[in-house]
Amino acid sequence: MNDKPAILELKSVNKSFGPIDVLHDISLRVRAGEVLCLLGDNGAGKSTLIKTLAGVHKPTSGQILMDGQPVTFTGPSDAQGRGIATVHQFGGTFPLMSIGRSFFVGVEPTKGWGPFKIYDRKRANEIAVKAVRDFGITRIDDGDRLVGGLSGGERQSLAIARAVYFGARVLILDEPTAALGVKQASHVLRIVNESKKRGLAVVFITHQVMHAMTVGDHFAVLIRGAIADDFRKGQRSREEITDLMAGGETMAGLEAQVEGYMAEHEGHPPSFQVLEGSAAP
Amino acid sequence: MMDAIKSVLRRPEAGSILSLIGVVLFFVLFGGASLGTLVGAASWVNFAANLGIVAIPVGLLMISGELDISIGALIPAGSMTTAILTGYYGLPIGVGIAGALTVGVAVGLVNGLLTIRTSVPSLIITLATLVAMQGVVLSASVLLTGTASVALTAPGWAKFLFGQLIGGSHQVIIIWWIAFAVIIGFVLHKTRYGNWLFAMGGDRVSARNAGIPTDRMTIALFVLSAVSATFVGICQAILFNSAQVSGGMNFIFNAIVSVVVGGVLLTGGFGSVVGIFVGTITFAIVSQGIYFTQIDRNWSNLIIGVMLLVAVLMNQSFRDLALYFRPRGKRSLPREPANP
């Protein structure tokens, strides 16, 4: 697995906006059929990193390589053209469009000729429904339904199926499970797995450690714009990762404190003030 | 039968059709209007045609997430340009028409370019061009002709095409309106360009990322609405053999009300040409058809206000109906196990 060439690779990438350094010396690689989980708290630089991968930002210094060749993305559409697809938190962004129509936005299938070339609704619906059902979302069966009526998980699935259908090789998933319930999130995780099986390289951005550990092969923890830890599946426990993301020992410390309080107070959890007060040195 | 009704209710124009039925019923039952006279009357049809030609492009802009109120100044701009060039300077009517349409293209380009280049909402931009164009039209008219009202005589062919009264009562612009609605309806609902408009109204950034030329589309829409407004001005000048610098301001709110009653979502991404068409008819019947009833004319604005609210509320619930609709019993593909 390790010897497969990376589809997408960052080599000591730095990004600063004016005097503010946002990304420091980031080196990452994603291989085909592998899920790279990017973990980090809010403000750790995750969105800047995604935007750099998706061609929105250009690195201030450092290199982006695709299939071993250095590339410079001229913009998001250039990155898309090279097979990098980004799926954002809320998936389908056109809630009042039908599944078929939103699936083919910008590349609508048509029939007829000349000025009478008309949008081929039937074909668009069939392809869209089939693409998303192939990912195991069988509840979607009518391409005329509006995207806004789908559940959050179904929308994500639709967006991922769309990216794959249009030839994505690298799938960047920006917090796909953040706004979802447990069942919906498991839908999405199943689709991430399915994408992996199909040989896609997946970059999965999340701060939910459990979701990351379910599908991830390779993990990178981002703290204040730098990679604080980089490890493979099974090398760290959930607690270790959570603590790392939160910036050290605070989580474990907090847990021990709560447990201690509960033992002393007949199982009642402490109020917030108690924790605040005792946490002060 | 129930299924057919339900599928109509999920469409964007459902609210406008119900509003139309409601208004006509109200006029017939409580206003004592005879249905035959109401349907056959030319006054509201003429009113609707003039309004409708402006309302359709305003609706398209609204679907794409923009607004154009400069149309209020472009209707007199169109008629004054035609009248000054043809009536005052004695140039051929073709030149007058071309000049008026050029004014439309120019203002549309300004509106469109300012909208895509700045982050100022198009409501404010077109408010500025509205006021500016009023000033331009008045000053130019006074400067060039010394008056604010210019007469013109159009030759037979121009009269036939743009200023004819069919059967002595129905303006020829009605035919232009219907043809325009059919063409735009086809483009919006049957071609890929229509899909692009809905996508732009839904989310402009995603639409651009999907490869849609959002800037060019926006400019084209503003040009279309400005040209349509000057076209209405041209037709009016040729019909009435004269043009005034004032007038046209009513069109702004009338067009917006027609479009919103027609089921177009003010924030964009949803609507239909049939809806805009029916919305315009409904509006025209309330404001003109009231003369055929025993209801005092002064009440018509109250009716429009109530109708607007009711229509928007209806549109909202029908939109939800469309959003959460799932066909029952009907399966286009065989079921598969959820986890393959």
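**Figure 1. Helix α14 of chain B, end to end.** Spanning residues 273-289 of chain B, helix α14 has 17 residues and reaches 23 Å from its first C-alpha to its last. That is close to the 24 Å expected at 1.5 Å a residue. The model here is a predicted one.

Figure 2. Because 17 of its 18 residues are buried, α5(B) is largely enclosed by the rest of the structure. Just after α5(B) comes Gly90(B), which takes a positive phi of about 70°.

**Figure 3. Helices α13 and α15 of chain B, packed together.** Two packed helices are described by the angle between their axes and the distance between the axes. For α13 (residues 249-261) and α15 (residues 300-323) of chain B, the angle is about 35° and the axes are 9 Å apart. The crossing of α13(B) past α15(B) is left-handed. On the α13(B) side, the contact is made by Val257(B), Val260(B) and Val261(B). Facing them from α15(B) are Ile304(B), Met307(B), Leu308(B), Ala311(B) and Val312(B). Sorted by class, that gives eight nonpolar residues, no polar ones and no charged ones.

Figure 4. Val24(B) is found in helix α2 of chain B, which covers residues 14-30. Buried or exposed, or something in between? With 19 other C-beta atoms within 10 Å, Val24(B) counts as partly exposed, since being buried takes 20 or more. Setting aside neighbours within four places in sequence, Val24(B) is in contact with Leu38(B) and Ile285(B). Leu91(B) is another story: 67 residues from Val24(B) in sequence, it lies 46 Å away in space, C-alpha to C-alpha.

**Figure 5. Phe160(B) on helix α8.** Phe160(B) has its place in helix α8 of chain B, residues 156-162. Phe160(B) has 12 other C-beta atoms within 10 Å, so it is exposed; the cut-off for that class is 12 or fewer. Leu239(B) is 79 residues from Phe160(B) in sequence, yet their C-alpha atoms are 9.6 Å apart in space.

Figure 6. Chain B has 15 helices and four strands. Its C-alpha atoms fill a box of roughly 80 × 55 × 35 Å along the principal axes. A compact globule of 340 residues would have a radius of gyration near 20 Å, and the 22 Å of chain B agrees with that. Buried residues make up 51% of the 340. Of the contacts in chain B between residues at least 6 apart in sequence, 79% join residues at least 24 apart.

**Figure 7. Where chain A touches chain B.** In this view, 25 residues of chain A are in contact with 30 residues of chain B. On the chain A side, the elements giving two or more residues are α2 (76-81), β8 (118-119) and α4 (121-133). By class, that side has ten nonpolar, eight polar and seven charged residues.

Note on methods
Residues numbered from 1 in each chain as written. Chains lettered and ligands numbered in written order. Predicted model: local features only at pLDDT ≥ 70, side-chain atom pairs only at ≥ 80, totals over all residues. Contact = placed C-beta atoms within 7 Å. Nonpolar A, V, L, I, M, F, W, Y, C, P; charged D, E, K, R; others polar. Rg over C-alpha atoms; globule rule 2.2 N^0.38 Å. Axes fitted to C-alpha atoms, helices over the stretch in contact; angles between N-to-C directions. Left-handed = near helix turned anticlockwise from the far one by under 90°. Expected span 1.5 Å × (residues − 1).
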